[in-house]
Amino acid sequence: MDDHDPLRPHRHDPNPEAPHDDPTFLVIAPGAAPIRVTTDMLRRLPRSSVPECTIVSTGHGTSGPFTFAGVALGDLLRRLLPAGVSWSEVEVHSADAFGTRVAADELRPGATDRPILLADERDGRPLDRAGGLVRLIVPSETDDALRQVKWVAEVRLRR
Ligand SMILES: Nc1nc2c(c(=O)[nH]1)N[C@H]1C(S)=C(S)[C@@H](COP(=O)(O)O)O[C@H]1N2
Ligand SMILES: [Mo]
């Protein structure tokens with residue numbers, strides 16, 4: 001049975017097409033003004049890169065391995081948010097009503113050398129919009145790509 005929660009899809013036919021052209025996204029934290037993040041901002045923040053990432057599609061096989069690079073989601077939030085904003089969970093929503101949840105625990109500094117990324121680069125080249133710019137990459141997920149969210153539109157923090 002499908003519970004229709006877009007943040008917990010059980011299986012999914014991947015959408016091949018970007019819903020629109022704007023690669024910016026909003027970070028929305030409780031008690032703080034929403035912050036719009038541009039690809040220029042991502043390029044200027046401390047960056048991380050994760051090799052050997054595979055995108056496993058239930059429908060059409062596996063692609064990769066790729067090296068994805070960008071800004072670690074945890075680093076971005078620690079950089080952007082005013083001190084005192086606390087959260088236990090982050091919802092990552094795409095512009096085509098897809099998404100996933102990330103627990104604060106998965107974003108602890110230094111927790112892993114394969115951090116969850118907001119990726120704007122693949123194999124040393126800029127990711128284009130068709131390729132998912134800006135794309136959430138969850139390196140630990142290798143089952144069905146349900147957390148490899150293309151076209152991130154909103155990063156919403158939950159207490
Ligand atoms: N925004 C968005 N991201 C998404 C999807 C989608 O439909 N929309 N499909 C997911 C699924 S099920 C798969 S298999 C992969 C496909 O990634 P690819 O287009 O790079 O092959 O994207 C994932 N991320
Ligand atoms: Mo998938």
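Colleague: What should I know before reading the numbers?
Modeller: The model is predicted, so local features need pLDDT of at least 70 and side-chain atom pairs count only at pLDDT 80 or more, while totals for chains, interfaces and linings use all residues. Residues are numbered from 1 along each chain as its sequence is written, and side-chain values use heavy atoms, with hydrogens and water left out.

Colleague: Where is Leu117 placed?
Modeller: Leu117 is in strand E7, residues 117–122 (strands, at least two residues, and helices, at least four, are DSSP runs numbered from the N terminus).

Colleague: Is Leu117 buried or exposed?
Modeller: Leu117 is buried, at a relative accessible area of 0% (buried means under 20%, with a 1.4 Å probe and protein chains only).

Colleague: Which residues does Leu117 touch?
Modeller: Leaving out residues up to four places away in sequence, its contacts include Ser48, Phe68, Leu73 and Ile137 (contact means heavy atoms within 4.5 Å).

Colleague: Switching topic, how many residues has the largest nonpolar core?
Modeller: That core has 30 residues, and Phe25, Val27, Leu73, Leu76 and Leu136 have the most contacts inside it (a nonpolar core is a set of buried Ala, Val, Leu, Ile, Met, Phe, Trp, Tyr and Cys residues joined through side-chain atoms within 4.5 Å).

Colleague: Which element gives the most to this core?
Modeller: H2 does, with four residues. A second, separate core of nine residues includes Val50 and Ala145.

Colleague: And which strand gives the most to the lining of the largest pocket?
Modeller: E4, with five residues.

Note on methods:
Chains lettered and ligands numbered in written order. Buried < 20%, exposed > 50% of the residue type's maximum accessible area, 1.4 Å probe, protein only.
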